[in-house]
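My notes are below the structure.

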Amino acid sequence: MDDQLAGPWLIAGGYTVALALLLLGGRFDGRRPTAAAVSYALCGVLVSETSLYWLSTGSAVPGWLWFAFPLVIVALAAWRGYRQKTWIGRLDASGEPSFGVLPARGIAVTQASPDSVETAVEFDHNGHRLLGVEYRLGGGSEGFPELARTADLTDGTYALIQLRTPVVPSVVITPATGAFEPERFTPLEDARITRNTVGAPKPDALLQRFETGTEFDRRFTVTTSDPEFAAALLSPGVRGLLEGDPWFRVREVAFHGGSLWAAESGTLTEEMMFADSRRLAVLASTVDWEDTDFRAVAAASDTSDAGWLGGRRGPLAGLRGPLNRRREAAGRQPLSSLSLVARTVVALALVLPGLALAVNSLTALTGLAPVARLTVTATLLAEAGTSNCTGCGNGNLVDGIYELDGETHEVKDLRWMSFGTFPARGDVVDIAVTPLWWHPLIEGKDTGVFLLLIGLAPVLAGALLAKATYRPRPRRV
């Protein structure tokens, strides 16, 4: 097997890291211009270098694609940055909150220092008044240097989505980690709960623990300033919504100061603003509270996907809509556009190189790959102290030449993996020249079996990731 075995993994890994840099640049865009510019620049360089490496290995891909790849990446980055910066301007919105709360040092207050809020947007939608706030954990923390330092290290950016309600007693509903154990193990959901709740502000009110006396207490922690209101609020319908909707399982929601809010890790985007506010509106419409004003707010609008989101479904809406409905029916978390793209790229990065290696191995094992006669010109044994091989890497390496279809090919540093007799200089051995790019050379049946198993492992991992993404199985309770 030659050293080009690493080729497809380098290519897939290069594009995957480039995608990560693109997403990282999107997180920095509008808040840290220098970091965003560096991320985008590194993304473009990595795509260019990966494409150049791909083309230099003898791929049949046209050379003009080497120039097209960086242009496509730059165009996508520019489009995403434009969308992120202009979606607020497309709304009939105000940047001065007229209701709700602002986060300051972990507390939800009606007024906060300018440093604590990065972005604020307030507007009317479907009969509701909505407020979106983007903030950083370290904002306004001059007296708390450790908090500011931690926020800088973790990029502690959060979005607070709020829906105006009549003023009611304070209630905070927090999902519990490990709530489904031992029936289910949910480390990813638990990590998301921690990430979302660590930056969620708490009401500036005296709260006490409240329990319903049902299974709900195992999955959610409720604190309130008025136990009687909490008892009326947490009706069977509300508890069923909170327990049954995966969205509420990983986000803390709170009633306080005439606002119903939820905090989420990440920058405030159009997709997050409308998707999260719809869930809050659904919760408000489920509350069976006797207050007339609250009933009027709860019944104010159509909270269905089509009625609430309209044309604001975000990228890949035609794919994400049915997919997320299927995922929610299976008890899985809905996916954002970025999450869906990232999962798909990772799955393809696992499946395609692994499948190519597995098919190449099968052609060698079944005799479909052409067999050439390799004349050994130099060797290197891993345990030897000296070498006459032109390569300098570790392992059993072979140099040689072979003819195929009338053409002479030179082999450098063919890694000999067969358990058979290691050839000496001047020996002539049979090797299988596999048909799919990158055309690895396979020197024996045992090597073919070994490479087949190596190739099937990432194929299986990628297939499982794709199935968990697109065709999730309902969780066992």
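The entries start with the ground rules and then go through the features.

The model is predicted, so I took local features at pLDDT of at least 70 and side-chain atom pairs at pLDDT 80 or more, while totals for chains, interfaces and linings use all residues. Residues are numbered from 1 along each chain as its sequence is written, and side-chain values use heavy atoms, with hydrogens and water left out.

I looked up α13, residues 337-366; helices are DSSP runs of H or I with at least four residues, strands are runs of E with at least two, and both are numbered from the N terminus. From first C-alpha to last, α13 reaches 42 Å over 30 residues, close to the expected 44 Å, where the expected span is 1.5 Å times one less than the number of residues.

Rings. I counted five aromatic pairs (Phe, Tyr or six-membered Trp rings with centres within 6.5 Å; planes under 30 degrees apart are stacked, over 60 edge-to-face, the rest tilted). F123 and F274 make a tilted pair, 5.6 Å centre to centre with 45° between the planes. F123 lies in strand β3 and F274 in helix α9, so the pair ties together parts 151 residues apart in sequence. Both F123 and F274 are buried (under 20% relative accessible area with a 1.4 Å probe, protein chains only; exposed is over 50%, partly exposed in between). W247 and F248 pair edge-to-face, at 4.9 Å and 85°, and both are buried.
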